[in-house]
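Here are some notes to read alongside the model, written for someone new to protein structures. Please keep the sequence and the 3D view open while going through them.

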Amino acid sequence: GPCRSRCGDPAGAMGLELEPLFQAWSYFRRRKFRQCADLCSQLLERSPGEQAAWSLKTRALTEMVYVDEIDMDQEGIAEIMLDENAIAQVARPGTSLKLPGTSQGGGPSPAVRPVTQSGRPITGFVRPSTQSGRPSTMEQAIRTPRTGLTARPITSASGRCVRLGTASMLTNPDGPFINLSRLNLAKYAQKPKLAKALFEYIFHHENDVKNALDLAALATEHAQFKDWWWKVQIGKCYYRLGLYREAEKQFKSALKQQDMIDTILYLAKVYLRLDQPVTALNLFKQGLDQFPGEVTLICGIARIHEEMNNISSAAEYYKDVLKQDNTHVEAIACIGSNHFYSDQPEIALRFYRRLLQMGVYNCQLFNNLGLCCFYAQQYDMTLSSFERALFLAENEEETADVWYNLGHVAVGIGDLNLAYQCFKLTLVNNNDYAEAYNNLAVLEMRKGHIEQARALLQTASSLAPHLYEPHFNFAILSEKVGDLQRSYTAAQKSEEAFPGHVDTQQLIKQLKQHFAML
């Protein structure tokens, strides 16, 4: 028969259409996780058994809510006050983070550099560990106002993680993507590639630590305990569950198999939670033998020295960090604040200007620039920096900080009316600002308003029992009006907050002579 040629096939149909799975992978690589997950959902509707699409979707959903566990370390009231790990009640000086004031390593005194409730000098960089100091009593933990400026412990770290997980449930109208209660974990544990994606999904997205731990235990058994990655994940689960000694065993075992910087950082976190900073320091130093010049390890050492009040050593290590990575924001900020409090505002100014050149552009930086300019006598830049800081302030607490510093500038130039207005504005923005109450009281004393001054000082000392200034000022004021008993009580509190304060010691001595004469 006659041959018939087939014509009419659409030759151009191939066009630019990407294969859907490849398109989803491309979205994932470009961090467009929402589109990636949606595309994978469509693929899974067509063929529910598609393992590649399933794995990619779990990874995309995980990345949406992923939080780096190493830095996310906030101790809640429950974790601090109900800590069952037996630790020496009276630690040797310089071996505990609970008694940081014992190892004064050349840092400025509280008269120059303010301290947090836990007795540590204020750091140059806000980290989770600097915000939640260790309060000595439950009452103090609960009474401290709840802001990032104070050392109020956050209510509970685990509660925060649960909220992260539940928010992401809303991503699917039909309910959760994977129904954990019906999963056969033993089956997945035998497929290492799928198991790892599934573990990350359960741990980060669903925040179901117990199921994650079960999966990791089965998977590490299947790998005959030879895969270090699983050991690290089991350690992370134990850490979340508060089983620090078990976590330590897992991380140590993982390090024997494979030296990894992350594992060292996790293990150091365990030691710090167990209040063993010296062990953590030794661990970091061993890590530096394996990974010389690793910035995160040097930075870890610097943070521990800073938390133990050993400021000069911390500054040295931060300088080492800058030798390796000269754009490390935390190191620059900490060295800058250290110079500022060591009475070298000109040098601090150089460090903060460096941050500005690097593109850091926020309220805190301009606030610090304004203070440095004022104390370095570059008055032309001071007010414009503070104006910029007020413009960039994101919340009322930041605005309060700027007004408080402007109040100091006003006191410095002798304009007490302006200072009064600035401290008042500080309290309008943040009603719990103890330092502003104290300074307002001093201004009221100068005007001769004794009763107002006393009320303000009492408010300041109840808001911030760790500051010595309100106690000392109250003691002086009470002594002037002849209320010696109250004066003596306040002076003792002041001495407790700052044992090296000479004026307090002289006042106590005078009062004791008065009492002896009576």
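The points below cover the basis of the model, a pair of helices, the cysteines and one leucine.

1. This is a predicted model, in which local features need pLDDT of at least 70 and side-chain atom pairs count only at pLDDT 80 or more, while totals for chains, interfaces and linings use all residues. Residues are numbered from 1 along each chain as its sequence is written, and side-chain values use heavy atoms, with hydrogens and water left out.

2. The axes of helix α9 (residues 192-206) and helix α11 (residues 228-240) come within 12 Å and cross at roughly 15 degrees, the axes being lines fitted to C-alpha atoms over the stretch in contact, with angles from 0 to 180 degrees between N-to-C directions. The two helices are therefore roughly parallel to each other, a label for angles under 35 degrees. Residues of α9 including Phe 199 and Phe 203 meet residues of α11, among them Trp 230 and Cys 237.

3. The structure holds zero disulfides, a disulfide being a pair of cysteine sulfur atoms within 2.5 Å. The sulfur of Cys 334 has its closest cysteine sulfur in Cys 299, at 7.5 Å, which is too far for a bond. Cys 334 is buried at 2% relative accessibility, where buried means under 20% relative accessible area with a 1.4 Å probe, protein chains only.

4. Leu 371, in helix α19 (residues 363-375), is buried, with a relative accessible area of 12%. Leaving aside neighbours within four places in sequence, Leu 371 is in contact (heavy atoms within 4.5 Å) with Phe 340, Phe 386 and Asn 405.

How values were computed
Helix = DSSP H or I, 4+ residues; strand = E, 2+ residues; numbered from the N terminus. Buried < 20%, exposed > 50% of the residue type's maximum accessible area, 1.4 Å probe, protein only. Parallel < 35°, antiparallel > 145°, perpendicular 65-115°, else oblique.
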